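Dear colleague,

I am passing on the structure below, together with notes on what turned up in it. Please read them with the coordinates open beside you.

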Amino acid sequence: DRMSDPYRPSYGRAETIVNNYIRKWQQVYSHRDGRKQQMTEEQREWLSYGCVGVTWVNSGQYPTNRLAFVFFDEDKYKNELKNGRPRSGETRAEFEGRVAKDSFDEAKGFQRARDVASVMNKALENAHDEGAYLDNLKKELANGNDALRNEDARSPFYSALRNTPSFKDRNGGNHDPSKMKAVIYSKHFWRGQDRSGSSEKRKYGDPEAFRPDRGTGLVDMSRDRNIPRSPTSPGESFVNFDYGWFGAQTEADADKTVWTHGNHYHAPNGSLGAMHVYESKFRNWSDGYSDFDRGAYVVTFVPKSWNTAPDKVKQGWP
C-alpha cells in the first residue's frame, strides 16, 4: 500500500480526499499490536458518514457522547446580560444567544476533558478488573479533590469503561482495564433543539440548554437530537453537527494539537459529492461555524494495542 499524498494546507487546516486519508490511516493508524491492518469494508462504511465517521473508525464505536465536558463562564454571562445591550438591529433573542455562546470557553472545556482523561489513565494502570479500576479512580479523584468523586455510582462517569465495546472484545481490552486508555473527541452542535420551544431560540440558541454542572463540568447530552439550527432567513440552511477526533496526543499546547474531521457524507455520485478529510489545529477547530454554538469535549476509551490514538499526530503528511 503506497504512502498517502501530501494534504493541501490552508490557514491552520490540511485537507485531503477520503481515499488518501484511508491510505494514511492504513499506514499510520491501523496498527493492532504493532501490525498494520487494511481498513475493512465495515470500517470504510463507518468512515463514509463524514465527520462522525472519522471519530467512529478511530474509536471503534459510534460516538455516544456520554462523558461530555463543557466550560461555561456563569459570571461572564450574567455580567454581560446585566451591563450589555443588543447591537444595532439585533433582537433580544439574538443578543442573549450571542452572550451565551461567547460565555462558553472551548479551550477550558478541552482542558477539563484532558485532566479527567489523565486521572482515568492513572486509574487504569495495573488494574486488571473493573473493581480495581473504580477503586483507583475514586482514590485519584479524592486526592485531587475533584467534584467527580461525588458522582452517583450509576453515573455514566463510572459506567463508561464497562459500556465500551472494545473493552469487552477478546481482541481488545478483554475485560482488563490495564489494556485500555482514555482518549478524547469533540462534538460541535446547536443548543436550540427544543421543537416545542420558541422559534427564536431555535434560530439564535437557547441560553439555558446544555449548560454543564458547575462543579464537574459534565454536560447532559441525552437531549441532543442532532437537530440543526433553524434558518434565520429564506433559503438558509445549517449543518446539524461536526465531530473532531483528538485521541491521546500529549502535546501540552492546545493550539498545536491536531483534530481530524470530515465535511459530509461520502456521496461521490450524489449531490453532496465526495467526502474530504481535514486535519485542523485547535484554534481552527474550536472556531467552528455559525451552524454551532456549543463545543463539547468527550472522553471515551480504546485499547492500548490500537494505534488510532497515538501520542503525536503530524498534520498532513511530511
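How much space lies in the largest cavity? Before the answer, please keep in mind that this is a predicted model, and that everything below was computed from it. The space in the largest cavity comes to about 160 Å³. Its lining is made up of 15 residues, and those closest to the centre of the cavity are Q61, T64, R66, V299 and T300. Helix 8 (156–159) and strand 8 (294–303) each contribute at least two residues to this lining, which by class holds six nonpolar, eight polar and one charged residues.

In total, the count is three cavities of 30 Å³ or more. The second largest cavity has a volume of about 70 Å³, and the residues lining it are Y21, Y29, N58, W245, F246, Q249, V258, T260, T308, P310 and V313. At least two of the lining residues come from each of helix 1 (18–29), strand 5 (241–247) and strand 6 (258–262). When the residues around the second largest cavity are sorted by class, seven are nonpolar, four are polar and none is charged.

Helix 1 and helix 3 (residues 51–59) pack at an angle of about 25 degrees, and their axes are 13 Å apart. Because angles under 35 degrees count as roughly parallel, helix 1 is roughly parallel to helix 3. On the side of helix 1 the contact is made by Y21, W25 and Y29, and on the side of helix 3 by V54, V57 and N58. By class, this contact between helix 1 and helix 3 has five nonpolar residues, one polar residue and no charged ones. The crossing of helix 1 and helix 3 is right-handed.

What is the angle at which helix 4 and helix 5 pack? Helix 4 (residues 74–83) and helix 5 (residues 92–102) meet at about 150 degrees, with 9 Å between their axes, and the two helices are therefore roughly antiparallel to each other. The crossing is right-handed. In this pair, K76, Y77, E80 and L81 of helix 4 are in contact with R92, F95, E96, V99, A100 and D102 of helix 5, so that the contact, sorted by class, has five nonpolar, no polar and five charged residues.

For helix 6 (residues 106–124) and helix 7 (residues 130–143), the axes come within 8 Å and cross at roughly 135 degrees, which makes helix 6 oblique to helix 7. Here too the crossing is right-handed. The residues that meet are V119, M120, K122, A123 and L124 in helix 6 and Y133, N136, L137, E140 and L141 in helix 7. By class, the contact of helix 6 with helix 7 has seven nonpolar, one polar and two charged residues.

With best regards

Conventions. Residues are numbered from 1 along each chain as its sequence is written. This is a predicted model: local features need pLDDT of at least 70, side-chain atom pairs count only at pLDDT 80 or more; totals for chains, interfaces and linings use all residues. Side-chain values use heavy atoms; hydrogens and water are left out. Axes are lines fitted to C-alpha atoms, for helices over the stretch in contact, and angles run from 0 to 180 degrees between N-to-C directions. Helices (H or I, at least four residues) and strands (E, at least two) are DSSP runs, numbered from the N terminus. Angles under 35 degrees count as roughly parallel, over 145 as roughly antiparallel, 65 to 115 as roughly perpendicular and the rest as oblique. A crossing is left-handed if the near helix is turned anticlockwise from the far one by less than a right angle, and right-handed if clockwise. Contact means heavy atoms within 4.5 Å. On a 1 Å grid over the protein atoms alone, a cavity is a set of points where a 1.4 Å probe fits but cannot get out, and a pocket is an open set with protein on both sides within 12 Å along at least five of seven lines; lining residues have an atom within 4 Å of a point. Grid points are joined across faces, edges and corners, and a volume is the space filled by probe spheres set on the points.
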